[in-house]
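This briefing covers nonpolar packing and charged side-chain pairs in one protein model. Please read it alongside the sequence and coordinates.

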Amino acid sequence: MTALEKINPSPAGVGGTALYDWDYLVQEDKAHRLIYTDPAIFEAEMTRIFGGTWTYLAHESEIPKVNDFITRRLGLRPLIIVRDAEGKIRALYNRCTHRGTTLCRWDKGNSKSFQCPYHGWNFLNNGRLRGVPWPEGYAADLRDPKYNLAQVPRVESYRGFIFGTLNLEALPLTEHLGPIANVIDEWLDRNPGGKVVVCEANRFRYKGNWKLAYDNSCDGYHVAYSHRSLLETENRFAGENAKGMAYYRNSPDTQAMYMRYTGRGNHFKDKRPNLEKRPGGLWALESAHPGMEHYEAEFIERYGDRAFALLDLAGSEPVNINVFPNLSLLGNHIQVFEPVSVEETNAIWYGTMIVDEDGSLGEEAVTDINALRMRTQEGFPNFGEVDDIANFEQIQRGLMAVEDEWVYMNRGLGVPDRIKTAADGSITAPATDEAFMREHFKEWKRLMKSRTPFAIQREP
Ligand code: FES
Ligand SMILES: [Fe+2]
């Protein structure tokens with residue numbers, strides 16, 4: 001038995017959520033500036049969204065061994081994601097139960113217990129209080145579970161991706177993900193053993209609301225303008241054969257790509273229809289980067305007939321998969337959005353490597369592929385993300401004009417025969433449509449209005 005403590009994060013009239021008319025602030029075709037600028041709305045989101053729905057926390061490959069841990073956040077809650085001494089993955093609140101100090105100050109490590117730097121309380125990595133200095137000074141029974149660390153009550157993984165929620169009524173994770181899980185499967189299954197391992201990250205922080213990044217995650221409308229310099233570089237190298245970013249050079253809506261909304265705020269942008277199904281088909285789409293021809297020649301020299309199939313493993317998968325509210329799989333990256341304040345956000349691009357558990361590729365090939373993956377994963381964060389972040393910051397500035405209240409997301413809305421809804425409810429539209437944004441805002445609104453019970457838990 002674990003002890004559950006019900007929490008009520010936004011009682012009516014406190015924290016402000018009951019003061020807002022959500023149907024007014026987010027309408028079918030437009031959203032009010034306040035949802036990006038109002039600190040009370042941000043505070044409500046940090047529980048109703050980041051907590052109210054399954055939220056990505058970390059990847060299992062970041063804590064591969066027993067007692068491994070990594071520090072992360074759920075909204076603004078500091079967490080320790082740990083594989084405890086029995087191998088169970090937990091999300092402990094990184095907050096000492098004595099006076100609230102951040103318990104663990106490390107980014108990651110391996111430890112059976114955590115000792116608070118303030119007065120030395122010591123906790124096992126299952127969250128139980130193990131001991132305190134000079135316990136004879138306490139008349140209280142320190143075995144009371146209230147002194148054990150708080151934990152996220154529901155933590156589940158989908159194929160290595162660890163999610164958590166405080167919402168006791170949330171669907172099981174796989175059911176919640178629904179059709180987007182199939183797209184995640186495809187993203188993983190092209191890798192040997194259907195696996196990737198997370199490596200280090202490109203880290204960005206921008207002065208803008210977290211939703212600006214999620215609103216951009218499936219946006220095919222901005223590419224030709226926001227990423228003009230990148231596009232021109234690619235066009236120069238691609239010649240007549242459109243590839244990668246060059247899909248966007250003419251009218252992107254007539255290219256073989258589309259966006260699809262799959263429910264619960266999740267969507268993906270699919271450029272895979274452009275892919276030629278042959279060894280080297282994916283590599284042929286890879287963005288130009290320094291040394292590319294040299295690497296290719298080297299692979300052909302070393303691996304002969306296998307070279308192009310191996311190069312494909314270094315190539316970026318042409319799909320953006322967005323899992324509301326904070327996860328994007330794009331190319332070979334795992335991108336995570338971390339809210340810092342109403343007007344500040346971290347956008348972190350974790351690189352991924354392949355593994356060769358059955359030894360079928362051989363160590364040399366795996367090392368070569370992973371080295372080249374580092375090159376292919378340097379491109380977009382450095383030459384593309386900077387364009388996006390510049391826009392996010394300029395939007396945040398623009399939204400300071402208080403009298404000009406609305407932003408529009410109505411591209412594609414009401415155009416006959418443009419948007420297709422399938423029997424399973426998924427919605428498919430041309431690459432530049434804002435259908436994905438209208439849909440994820442319905443989910444946002446559903447969560448902001450919801451009054452489902454939340455809880456934390458402690459070991460008994
Ligand atoms: S705050 Fe942690 S031991 Fe006092
Ligand atoms: Fe972009």
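The model is predicted. Its largest nonpolar core has 56 residues, and the count of salt bridges comes to 32.

**Nonpolar cores**

- Within the largest core, the residues with the most contacts are I35, I49, L79, I81, W210, F441 and W444.
- Setting aside neighbours within four places in sequence, I49 touches A44, T55, W210, F324, P325, W444, L447 and M448.
- Among these partners of I49 are W210 and W444, which are also listed with the residues that have the most contacts inside the core.

- K445 and D23 form a salt bridge through their side chains, with an N to O distance of 3.1 Å.
- K445 is buried, at a relative accessible area of 15%, whereas D23 is partly exposed, at 42%.
- E28 and K442 form another salt bridge, in which the closest N and O atoms are 3.5 Å apart.
- E28 sits in the loop between α1 and β2 (30–32) and K442 in helix α12, so the pair ties together parts that are 414 residues apart in sequence.
- E28 is partly exposed, with a relative accessible area of 38%, and K442 is likewise partly exposed, with a value of 38%.

**Other salt bridges**

- D68 and K65 meet through their side chains in a salt bridge of 3.9 Å, N to O.
- D68 counts as buried at 6% relative accessibility, because buried means under 20%.
- K65 counts as exposed at 52% relative accessibility, because exposed means over 50%.
- D84, R90, R128 and E459 are joined into one network by salt bridges that share partners.

Notes: Residues are numbered from 1 along each chain as its sequence is written. Chains are lettered from A and ligands numbered from 1 in the order in which they are written. This is a predicted model: local features need pLDDT of at least 70, side-chain atom pairs count only at pLDDT 80 or more; totals for chains, interfaces and linings use all residues. Side-chain values use heavy atoms; hydrogens and water are left out. A nonpolar core is a set of buried Ala, Val, Leu, Ile, Met, Phe, Trp, Tyr and Cys residues joined through side-chain atoms within 4.5 Å. Buried means under 20% relative accessible area, exposed over 50%, partly exposed in between (1.4 Å probe, protein chains only). Contact means heavy atoms within 4.5 Å. A salt bridge is a side-chain nitrogen of Lys or Arg within 4 Å of a carboxyl oxygen of Asp or Glu. Helices (H or I, at least four residues) and strands (E, at least two) are DSSP runs, numbered from the N terminus.
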